[in-house]
Amino acid sequence: MSDKNARPSGPVASERTPLKARKVSFSWEDTPLHWIPGDPFATHTINVLHLLLPAGERWFVHVYRQVLPHIRDERLREDVIGFIGQEAMHSQAHDEVLPHLRELGLDPTPYTAQVDWFFEKLLGDRTLPPGRARHWWLMERVAIIAAIEHYTAFLGDWVLNAEELDRRGADPTMLDLLRWHGAEEVEHRSVAFDLFMHVDGGYRRRVRTWATAFTALVFLWQRGARFFMENDPTPAAGRASFKDFYLGGQQGVLPSTGDMLKSVPRYLSRSYHPSQEASTAQAVAYLATSPAATAAATATAEVTT
């Protein structure tokens with residue numbers, strides 16, 4: 001795991017890397033419903049990503065396209081454009097898992113409809129007059145994305161280091177999807193925060209929107225895990241509970257509850273910067289060996305030659 005004890009103050013310049021979207025693809029026909037063998041709860045808790053991310057990351061892209069005219073720093077603009085490309089690809093890759101779940105007898109449509117409503121209606125564009133009100137709502141959403149990205153980077157760092165998933169024989173295709181995505185979340189972990197600091201940076205807004213994002217993520221995640229467990233067609237699935245989540249973290253098949261809670265004061269620290277978290281070198285090293293990422297790189301090279 002990356003060292004989280006000694007943290008520098010402010011941005012770490014060596015952690016920045018140029019961003020590019022990798023046009024990955026995955027084949028799901030051999031992936032079982034419980035892709036962590038014998039553990040429906042851990043499987044479905046992670047499967048919630050496939051429900052949340054397509055709508056959430058489409059929303060990220062939509063908001064960032066609106067904020068591009070407000071960016072006055074060319075390097076940051078370049079990072080935001082790279083971020084948009086990666087997030088669009090993440091949304092597509094997770095969306096493509098959903099038909100496979102339906103084929104296995106678990107239709108996620110009732111829950112994804114709720115997630116779509118959350119991002120498109122509750123957090124979507126509002127009919128506001130031009131000027132302060134419209135600008136306020138744009139800045140509020142930029143700050144919410146920065147808070148969410150703190151947790152997507154946390155999860156990316158976790159899955160890159162979750163060796164227990166390998167020991168349990170987790171499906172290699174699903175692991176590659178999660179680790180490719182996690183590695184890119186670590187790669188671009190500073191972009192959302194840097195953008196927020198560039199266009200607004202208010203500390204009270206950072207705290208307020210962190211509370212909004214954290215509450216929404218916890219609510220949607222537990223609701224998604226319950227949905228999957230209640231609709232799993234196999235009799236061994238059981239029910240979702242916080243105790244199971246805590247135990248999964250203790251066993252290493254899910255993120256540790258303690259580590260998640262410790263990440264809160266770090267984000268709320270006035271000296272916080274995402275580059276202090278995780279390791280770009282580790283992320284880049286995984287992307288250099290990821291089956292999906294290397295296949296995408298080979299295909300791109302063949303097209304350009």
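Contact means heavy atoms within 4.5 Å. The model is predicted: local features need pLDDT of at least 70, side-chain atom pairs count only at pLDDT 80 or more, and totals for chains, interfaces and linings use all residues. Residues are numbered from 1 along each chain as its sequence is written, and side-chain values use heavy atoms, without hydrogens and water.

**Exercise 1.** Find what Trp-180 touches, leaving out residues up to four places away in sequence.

*Solution.* Start at Trp-180. Its contacts include Arg-22, Val-24 and Phe-26. Met-89, His-90 and Ala-93 are also among them.

**Exercise 2.** Locate the salt bridge between Arg-168 and Asp-39, and say how exposed each partner is.

*Solution.* A salt bridge needs a side-chain nitrogen of Lys or Arg within 4 Å of a carboxyl oxygen of Asp or Glu. Here the closest N and O atoms are 3.8 Å apart. The pair links distant parts of the chain, 129 residues apart: Arg-168 sits in the loop between α6 (163-167) and α7 (172-187), Asp-39 in the segment before α1. Buried means under 20% relative accessible area, exposed over 50%, partly exposed in between (1.4 Å probe, protein chains only). Arg-168, at 28%, is partly exposed. Asp-39, at 15%, is buried.

Conventions:
Helix = DSSP H or I, 4+ residues; strand = E, 2+ residues; numbered from the N terminus.
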